Amino acid sequence: RNSKLPRLLKDGLSGNSRTTMVANVSCGGDQYNHTINTLKYADRAKEIKTHVVQNLQTVESHISDYQRLIDNLQGEVAMLKTELKRKDAASFGPSVGVGGGGGGGGGGGGGGYGGGGSPIAVCV
């Protein structure tokens, strides 16, 4: 039959899973036709016989695929870390220093510190 319910149940009725049919019926007299149709459908669904097919896949192939993926990603991470260190070393190499010169406040010059008495690191 080409209705929505069999299409929804297609995966459950394919034989690779357990399926339970729950029929919702009403004891009201005005719902008699719906209740009879539901019970008839549930009875027909109960008669469906499925052939269980085992999904066989080798675990070793999955493990080797995942191991190869992990190895590739670890290699990429190591390469990116090396590249990051190289770029950091190139940009922050020998140009790091401490600010010099005397400055305001009459604190006297020299000494490699500003007039406030605290060191100033300059990154260029």
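Helices (H or I, at least four residues) and strands (E, at least two) are DSSP runs, numbered from the N terminus.

**View 1. Overall fold of the predicted protein chain.** This is a predicted model, in which local features need pLDDT of at least 70 and side-chain atom pairs count only at pLDDT 80 or more, while totals for chains, interfaces and linings use all residues. Residues are numbered from 1 along each chain as its sequence is written, and side-chain values use heavy atoms, with hydrogens and water left out. The protein chain has three helices and two strands, which follow one another from the N terminus in the order α-α-α-β-β. Of its 124 residues, 5% count as buried, where buried means under 20% relative accessible area, exposed over 50% and partly exposed in between (1.4 Å probe, protein chains only).

**View 2. Helix H2 and its buried side.** Helix H2, residues 32-46, has 15 residues and reaches 21 Å from its first C-alpha to its last, close to the 21 Å expected at 1.5 Å a residue, that span being 1.5 Å times one less than the number of residues. Thr 35, Tyr 41, Ala 42 and Ala 45 are buried in H2. These residues cover an arc of only 130° around the axis, which puts them on the same side of H2; the arc is that of the directions from the helix axis to the C-beta atoms. The face turned away from this buried side carries the exposed residues Tyr 32 and Asn 33.

**View 3. Leu 73 in helix H3.** Leu 73 lies in helix H3, which comprises residues 59-91. Leu 73 counts as partly exposed because its relative accessibility is 45%.
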